Each structure stands twice: as structure tokens, then as C-alpha cells.
Amino acid sequence: MFRIDISSLFIAMTINLSIMAVALPYFMGRVNRAARYAQAGIVLQTAGWIFLLSSSTFPRGDWADHLLSTLAMASVSSGMVGNAIAFELWYGRKPNARAPAAIAVVMTIGYCIGFSDYAFRTGWANGLLALQIATVIVSLCRAPQVTVGRWRWLLVICLSIQMVVMVCRAVLGAFYTAEFPNFYAPHVINQVFALSSNAMMVLSVVTILLAHRDEAARELERLATLDGLTGALNRRAWLLQSGIDLANSVRYRQPLGVLLLDLDHFKQINDTHGHGVGDHALQMFVSGLRAVSRVGDLFCRYGGEEFCVLLNCADLDAVTAYDERLRQWLIQHSVQELGFGLSYSGGIAMRSHDADTIEMMLQRADVALYQAKAQGRGRTLDSAQPLTA
Ligand SMILES: Nc1nc2c(ncn2[C@@H]2O[C@H](COP(=O)(O)OP(=O)(O)OP(=O)(O)O)[C@@H](O)[C@H]2O)c(=O)[nH]1
């Protein structure tokens, strides 16, 4: 019959954690903030376990035992705070780990003060660590702001098991102290704890790698679809989405318009104020597009100082209103922000029949835009209106 040797399991886990604490930062190379927090979390958990195992080599209740055990609690609970922040970031949220951090502080202080009372300290530490895990589970169950892989549920399951074991340890330690005289006591709960901690260690490393891979994929997608300078969609992504929108507009018999916009005298802006100001003007123009756009409006940087907007469920009046809102926005903001007025010329093309394509609409909008430039700039013309020379 096999025997579960608790102290060997803890020692093996601490050795593996130490290896991971060194190997992860080394092999993952340059990583972003979330992965750095997760790596710091592993380092702190490792330190916590080293302190905890070292504390048991000193006489029980000795000052060294007291100090090392308290440091262990501080490190393990801070490690969970690091993990909580990493998960928040991986969920696309602003990092907010106030609850786990507050629990870590309160737990460590209470543990240090009440150290001489074994029943109290075991109940207190395990109970609050369970509560800390619960706050992380609640946060993981809330909808993420970005697409998150199945690692999310793997983590929820692991943490839930760990939380239940912690609660059992808290109850045993506080109320059934005789059955649970120390950390290595061969109680079934201690055995489950040793086994689940080992499994948890392996799975948390797997989770870190999966979450990190998810994030790298998101970053690649972002780079492939967004314009680096302005953050607007790039032409490729816009054409892809506008083809889908156009097909939907035919299917649901909704009007749809395209607005092609080109900043006026942009070369002169660059020449007079410098390329940096030119870049800032492009970014400001995109802020304007963002400010006046509504749900269903899709804009992109088409290239250079040219932008394109697709307006879903919009007739000519709605497209013209969009154009007017944008001009108003520029009048209100450009002089203040750039020191000079920024204007643009535009061409409108409405979907005119079911066989219309985005390319055909863009061609018509381009002709109208050319005409708007020829007529003195600072205006938008509709390609369906008779164009004056
Ligand atoms: N600062 C900056 N300038 C850019 C960028 N992309 C394109 N340009 C500049 O935009 C200018 C476009 O010039 P033109 O095509 O002559 O057009 P324009 O000066 O706006 O004249 P009109 O369109 O006829 O009013 C060029 O000087 C490009 O170098 C960019 O990312 N940043």
C-alpha cells in the first residue's frame, strides 16, 4: 500500500517552485507587465515555502520560528496578490487587487501577533488565505474585457480546490487542534493539501504560459489590424469589415455610405511645423473621428493623410451630418491643440445598388474628393450630385 509522505511532498514542491522561479523569467525573456507580476508571484510563493520549511527546523515557538513563519505568511499572501494583479491585466482590466492585498496585510499582522496561540494562528492564517483565494476566484468569474482562453476555468477549479482545503485546515487547526498538531501531521486534509499544492504549482505555471501566449496572439492581431501612429483601423482591416457590413446592408435593405477624407495642405503643415506636429495632427484627426463616431461607424487610416469612414444604416443626410459634426469638432479643437486650423476635403459615395462593391464606392468617393480639392478644399461633395468642374 502506498504512503503519502507529506514533508517529502512539500520539499519536492519547494524545489520545483524554486526552479520555476528562476527558469520562468529566464526562458520567457522580455515579457510585459502581467507576466512580470505572475513571475513575481511565483518568486514570492517560493520564498514563502522556503521560509515555512526552514521555520520547522527551529524549536517550536522560538523567535526564529516566529520570524520565519511570519515571513512565510507575508510572502505566500503577497505572491497571491501578484497573481491577482497578473490575472486582472490578462483579463484586460485595470489592475485592482485591493481586497487580496488588504487581506495579506491583515493576515500577516494578526498571525505575527497571535503566533504563540497555535489554534488561533492556524485558523486565522488558513481562514484568511482561503478568503484571499475567494476574492481572486470572484474576480476570475467576472467577464473578461478581452478574449481569454480556457485557462481561466482551469485556474478557477484549482483555486476553488485550494480554497476548500484551506478552509478545512482552518477549521481543523482552530477547533480540532489535537487532530492537527502541526504542519506535517498525517491528517487526510494535510495529505490533500500537500497533493493539491503540488498540482496547483504545476497548473499555475501552465496557466502563466497559456495566458502569456493568449496575450502575444492578441498583440499580433492588434499590430495586424491597427495603424501604429493613430490607433485607427488600418486599410486591410477596414476593407475586411466593410465588405461584411456592405453584404449585411444589402441583406437587411439598409442604406450605407462611405466617406473618404483627405487632410488639406498636409505637406505644407509638415514643411512649416515639422513632421512631429504633422503626426500629432493625424492623431488629433483620429480623436475627432472617434469623438463623432457612433455605434456602427467604422473608420480607418486609409493611408498617409487619407481616412475612410463607413456609415452603417446611414442615408445621405446621416453621412452629411457626420461630416458636419467632424468639421465642427475640428474647428473647436484644432487651433487650440495645434496652433492652426486643420481642414479636410471629403467625398461621399452611397451604396446605389445591390451589386455595388466597396471598391466601386471608394472609386466614386475618390472622384468626389478630387472634385472637392479642385473646388478649393475644406468641403465634402457627394459623388451622386452633378460635379461642377
Ligand atoms: N507627419 C506625417 N506626414 C505624413 C505621414 N504620412 C504621409 N505624410 C505626408 O503627407 C503629405 C501629403 O502630401 P500631398 O499628397 O502632397 O497632399 P497635401 O499636401 O495634403 O495636399 P492636398 O491633399 O492637395 O491638400 C506628404 O508630405 C507626406 O509626407 C505621416 O504619417 N506623418
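Which residues are the closest to the ligand? I looked up the shell first, keeping in mind that this is a predicted model. I count 17 residues around the ligand, and the closest are Asp264, Phe266, Lys267, Gly278 and Gly304. By type, the shell splits into seven charged residues, six polar ones and four nonpolar ones. I also checked which elements contribute: β2, α9 and α10 supply at least two shell residues each.

Next entry: α10. I found this helix at residues 275-292, 18 residues in all. From first C-alpha to last it reaches 26 Å, close to the 26 Å expected at 1.5 Å a residue.

Which residues of α10 are buried? My list reads Gly278, Ala281, Leu282, Phe285, Gly288, Leu289 and Val292. They sit on the same side of α10, because they cover an arc of only 115° around the axis. A reminder to myself: an α-helix has 3.6 residues a turn, so residues three or four places apart point the same way. On the other side of α10, I noted Gly276 and Ala291 as exposed.

What covers the buried residues of α10? I wrote down β2 (256-263), α9 (266-273), β3 (297-303), β4 (306-312) and α11 (316-338) as included in the cover.

From there I picked a residue in β3, Tyr302. Is Tyr302 buried or exposed? I have Tyr302 as buried, because 21 other C-beta atoms lie within 10 Å and the cut-off is 20 or more. Leaving aside neighbours within four places in sequence, Tyr302 is in contact with Arg235, Phe307 and Cys308.

Then the record. The unreviewed UniProt entry annotates "transmembrane region" at residues 6-27, 66-87, 99-118, 124-141, 153-176 and 188-211. I checked two of these spans in the model. Residues 6-27 are 100% helix and 0% strand, with the end C-alpha atoms 31 Å apart. Residues 124-141 also come out at 100% helix and 0% strand, and their end C-alpha atoms are 26 Å apart.

Last, the whole chain. I get 12 helices and six strands. Of the 389 residues, 37% count as buried. Among contacts with a separation of 6 or more, 69% link residues 24 or more positions apart.

Definitions and conventions. Residues are numbered from 1 along each chain as its sequence is written. This is a predicted model: local features need pLDDT of at least 70, side-chain atom pairs count only at pLDDT 80 or more; totals for chains, interfaces and linings use all residues. Helices (H or I, at least four residues) and strands (E, at least two) are DSSP runs, numbered from the N terminus. The expected span of a helix is 1.5 Å times one less than its number of residues. A residue is buried if 20 or more other C-beta atoms lie within 10 Å of its own, exposed if 12 or fewer, and partly exposed in between; C-beta atoms are placed from the backbone. The arc is that of the directions from the helix axis to the C-beta atoms. Two residues are in contact if their C-beta atoms, placed from the backbone, lie within 7 Å. A residue is near a molecule or strand if its C-beta atom, placed from the backbone, lies within 6 Å of it. Ala, Val, Leu, Ile, Met, Phe, Trp, Tyr, Cys and Pro count as nonpolar, Asp, Glu, Lys and Arg as charged, and the others, Gly among them, as polar. UniProt positions are given in the numbering used here, feature names are shortened, and annotations may be inferred rather than shown by experiment.
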